[in-house]
Amino acid sequence: MKHQIKSLETYFNEQEHNDPMVTVNLHLVNIGSGVSILKVTGPDEFSRISGTSLGGGTLWGLMSLLTKATSFDDIDIMLNNKFMVENVEMLEISKDGDNRNIDLLVGDIYGTDYSKLGLKATKIASSFGKVFKKGVLQSQEDFNPGDIAKSLLFMVSNNIGQIAYLNARQHDLKRIYFGGCFIREGKK
């Protein structure tokens, strides 16, 4: 089953929805503090079928605790001295981050792809899996804020994407649209 993923705004710009007979049949994933997944069956017909508390608020909260980022969109001042970051835009610091320093990958476990299950070596096996080391007390200062930010962004986004995909499969919907304040569509 092939799924189209784009913003609802893009969808409505592409379609003529003045006809009340238009069948919509899509998932709208509204990502704000949490996530609501709506099944949209007509221009004014929808129902909430699922959701999760792991949304934008989770990302913003954890990122502000773990990276000292104070803003999601606006860059105030970027100060990077011995991995201490202050007054930084969350998305900006994730750009240069490398989640492979934080996340445990399939290749870290098996040394290569796990082709028997169709898993590439670069697939995340455990978000933040490299942070814990048995018998070693890790400190936040041991990790680059950009790496932490990238890992958090992947963790939350992958979770939302997986929940949206599974709900689309369960309800036999082939179109998934993402909206809400979490979606930035490449705009600064």
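**Close-up views of the predicted model**

**View 1. Strands 2 and 3 form a hairpin with 3 residues between them.** Helices (H or I, at least four residues) and strands (E, at least two) are DSSP runs, numbered from the N terminus. The model is predicted: local features need pLDDT of at least 70, side-chain atom pairs count only at pLDDT 80 or more, and totals for chains, interfaces and linings use all residues. Residues are numbered from 1 along each chain as its sequence is written, and side-chain values use heavy atoms, with hydrogens and water left out. The pairing of strand 2 with strand 3 is antiparallel, over 6 bridges; two strands pair if DSSP finds at least two bridges between them. Leu 28 has Leu 38 of strand 3 as its bridge partner.

**View 2. Strand 2 also pairs with strand 9, in the parallel sense over 4 bridges.** Val 29 stands opposite Phe 178 in strand 9. Strand 2 (residues 26-31) is largely enclosed by the rest of the structure because 5 of its 6 residues are buried. Buried means under 20% relative accessible area, exposed over 50%, and partly exposed in between (1.4 Å probe, protein chains only).

**View 3. Asp 44 is found in the loop between strand 3 (35-42) and strand 4 (45-52).** Asp 44 counts as exposed because its relative accessibility is 72%.

**View 4. Phe 128 and Asp 172 are non-glycine residues with positive phi.** Phe 128, with phi of about 65°, lies in the loop between strand 8 (124-126) and helix 5 (145-170). At 22% relative accessibility, Phe 128 is partly exposed. Asp 172, with phi of about 55°, belongs to the loop between helix 5 and strand 9 (175-179). Asp 172 is exposed, with a relative accessible area of 52%.
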